[in-house]
Amino acid sequence: MAEHDPAMLAIRDLDVHFPLQSGQVVRAVDKLSLTLWAGETVGLVGESGSGKTTVGKTALRLVRPSGGTIEIAGMDVNAVSDKDMKKLRQKAQIIFQDPHSSLNPRMTIRRAVSEGLILNTSLRGRALRERVSETLISVGLPSQFHNRYPHELSGGQKQRVCIARALVLDPDLLVLDEPTSALDVSVQAQILGILKDLRRDRPSLTQLFISHNLAVIRFLCERVAVMYLGRIVEEGPVSEVFEDPRHPYTRALLSAVPVPEARARPDRVRLQGDIPSPTDVPQGCAFHTRCPIARKGLCDTTLPPLRRPNKGRMTLCHFVEEPAEMSGS
Amino acid sequence: MAEPLLNIRDFSLVFDTFDGTYRAISNVSLSLEPGEALGLVGETGCGKSVLTRAAFGLVPSPPARITGGSVQLQGRELLGLSDRALRQVRGREVAMIFQDPTTYLNPVFRIGTQLIDAIRAQSGGRIGKLEAKSIALDMLEKVHLPNPDRQFRAYPHELSGGMRQRVLIAMALAAKPRLLIADEPTTALDVTIQAQILDLMAELVSDLGITLVMISHDLGVVAQVCSRVAVMYAGTIVEDAPLARVFDAPAHPYTQGLLDALPHPLRAQDHLASIPGTLPDLLAPPQGCLFAPRCPHRAQVCAAPVPMRPIAESHHVACTLYDEVRKKELAHG
């Protein structure tokens, strides 16, 4: 994508802090910036508590930020009127992890998919029915399913309904929050196939794909951002980040992924301990408590500067050098 | 060859439901040598958890009904044992850990108290409190729980998921069981924590000589710990092979389908093959091979019963067409 394309989603210096009754503050997202250009599929990866889901929800104003701005197609989602927000919501859809709890058990799937159109468009009657049928068929649900209720469908089929419900409004931005985590491998492959086809069939659709599963991100996304305790620690094209991770956390994460192969992996990096609580984010670099290369007096006191080791890449680490210093590489 | 530690023969189990008889497990045979680490792999509903639980009397009957077969632990038949006798087998000879460590710890008692109680119960009361405490601390050390002395006094909610799973592994291993059954032990954990627990499991197998059955839906997870893999589909074992063979020469079309459906974290892929169709209805299962309706190679002969047969050393597959398909594949280069 060219740099002059409009940003579909622009997140700048986003803070999302949740005060607790105890007086502590959960710093779910901390000074996070991320831009999605029109037509891009970007993966947001991190472990539980990293804040990735909060970013997705805040992007669609399902959570209000404590600071920073979020713009969808140039409109500040936290400043627009409710009327404009309604229009915006048509164009920005979300799919959640558990399709079962995202569907009303008392609505047929045809009704569930129709609802958005009834609320937001003037389509009625036959035109409405046709549009809904087309969309359901396009995600692999033939017409015999259209009058069924969610409990009559399998998990994979329910997730197809959720995808159809999001696509029927012809969105420009789609946030997917762990859409395949509740599914079996063979069903996951079907859903991933549908999502990958979207990139071909709807080239202008921008997707933010949130997942803890690196393999799924690798398969689906063009660009990836790795989150740790509320911040993006590394960002870049998927192939580059996966083949040449620069941040020690990304390295550890990649080497921790169980690879379906019978050979031992040479690149093992094992992290000690657990992720610190987001109520008590470590000073300096948040990762220094588990980092194998952390240096005392630097990493535990000073937040690393944002470095750009290559074009399109970004890391948040004291020990990643800028290209000028990397002579000959 | 040593006597198998666990020997399951032609085991079948049904659930009696209002809709009819649900054939959860059909004619499963599986044997395990001492010191082996077996991965039992399959998707939701394939019967992997029911099999290992039913073998040790953990599936209530009714609704479950064992319709045939035998389960022998070191030559001793377990089916038909009294509840009391089975309780002694569990805990002392066979220990289990499960997916969600939180559910298996009592939230209102300290970790130490629960460990001591478990160890004393496992011993049938022969071990005193003090001795139990020293065994418990020793076990916490063995599972690399950081600051075992401090965690001993902690409540479950004060521990992270990974630490809780370590506590449960310590509890399971305290009685020095011959067999450890780990049912999706890392599914609820984050990737970096999962890696730590898998390292620990591999260490238990190689250093302590634990015999392990690890149940997982994830072939990648199994590959980190196990040396042998049994693949289950719709209540049957379709393939049983050494780890490397499963990945390098998968013989059953279902195993091949599972591998092709798996996204690879370290490789760019344009396309994932998915397995068409859905699981058969086990209230009215098809005749013969249960995978046939979804199989790309299916033929008339697949309606006949499919026994497991050897195709290489320690490699068995339940597929009638194996030779034919293999020949075709070789002919196509």
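A residue counts as buried here if 20 or more other C-beta atoms lie within 10 Å of its own C-beta, with C-beta atoms placed from the backbone. The views below show a predicted model.

**Figure 1. The partner strands of β3(A).** Strand β8 of chain A, residues 206–211, pairs with β3(A) in the parallel sense over 5 bridges. In this pairing Ser211(A) of β8(A) stands opposite Val45(A). Strand β9 of chain A, residues 223–228, also pairs with β3(A) in the parallel sense, over 4 bridges. Here Leu44(A) has Ala225(A) of β9(A) opposite.

**Figure 2. An open antiparallel sheet in chain A.** The sheet has 4 strands in the order β2-β1-β4-β5, with antiparallel pairing. At its edges stand β2(A), residues 25–37, and β5(A), residues 75–76; each has a single partner strand, so one side of each is left without a neighbour in the sheet. Strand β4(A), residues 67–72, pairs with β5(A) over 2 bridges in the antiparallel sense. Glu71(A) has Asp76(A) in β5(A) as its bridge partner.

**Figure 3. Ala73 in chain A.** The loop between β4 and β5 of chain A contains Ala73(A). Phi of Ala73(A) is positive, about 45°, although the residue is not a glycine. Most residues other than glycine have a negative phi. Ala73(A) has 16 other C-beta atoms within 10 Å and is partly exposed.

**Figure 4. Asn27 in chain B.** Asn27(B) belongs to strand β2 of chain B, residues 20–32. Its phi is near 50°, a positive value in a residue other than glycine. Asn27(B) has 19 C-beta neighbours inside 10 Å and therefore counts as partly exposed.

**Figure 5. Cis peptide bonds in a loop of chain B.** Pro62(B) is placed in the loop between α1 (48–55) and β4 (64–73) of chain B. The peptide bond leading from Ser61(B) to Pro62(B) is cis, with omega near -10°. Pro63(B) is also in the loop between α1 and β4 of chain B. The bond that joins Pro62(B) and Pro63(B) is cis as well, with omega about 10°. Most peptide bonds are trans.

**Figure 6. The contact between chains A and B.** Chain A contributes 31 residues to the contact and chain B contributes 40 residues. On the side of chain A that touches chain B, α6 (185–201), α7 (214–220), α8 (238–243) and α9 (248–256) each supply at least two residues. The most come from α6(A), with 6 residues. By class, the residues on this side of chain A are 17 nonpolar, 8 polar and 6 charged.

**Figure 7. Helix α9 of chain A against helix α7 of chain B.** The axes of α9(A) and α7(B), residues 191–208, come within 8 Å and cross at roughly 50°. This angle makes α9(A) oblique to α7(B). The crossing of α9(A) past α7(B) is left-handed. From α9(A), Ala252(A), Leu253(A) and Ala256(A) meet Val191(B), Thr192(B), Gln194(B) and Ala195(B) of α7(B). This contact has 5 nonpolar and 2 polar residues, and no charged residues.

Key
Residues are numbered from 1 along each chain as its sequence is written. Chains are lettered from A and ligands numbered from 1 in the order in which they are written. This is a predicted model: local features need pLDDT of at least 70, side-chain atom pairs count only at pLDDT 80 or more; totals for chains, interfaces and linings use all residues. Two residues are in contact if their C-beta atoms, placed from the backbone, lie within 7 Å. Ala, Val, Leu, Ile, Met, Phe, Trp, Tyr, Cys and Pro count as nonpolar, Asp, Glu, Lys and Arg as charged, and the others, Gly among them, as polar. Axes are lines fitted to C-alpha atoms, for helices over the stretch in contact, and angles run from 0 to 180 degrees between N-to-C directions. Angles under 35 degrees count as roughly parallel, over 145 as roughly antiparallel, 65 to 115 as roughly perpendicular and the rest as oblique. A crossing is left-handed if the near helix is turned anticlockwise from the far one by less than a right angle, and right-handed if clockwise. Two strands pair if DSSP finds at least two bridges between them. A residue is buried if 20 or more other C-beta atoms lie within 10 Å of its own, exposed if 12 or fewer, and partly exposed in between; C-beta atoms are placed from the backbone.
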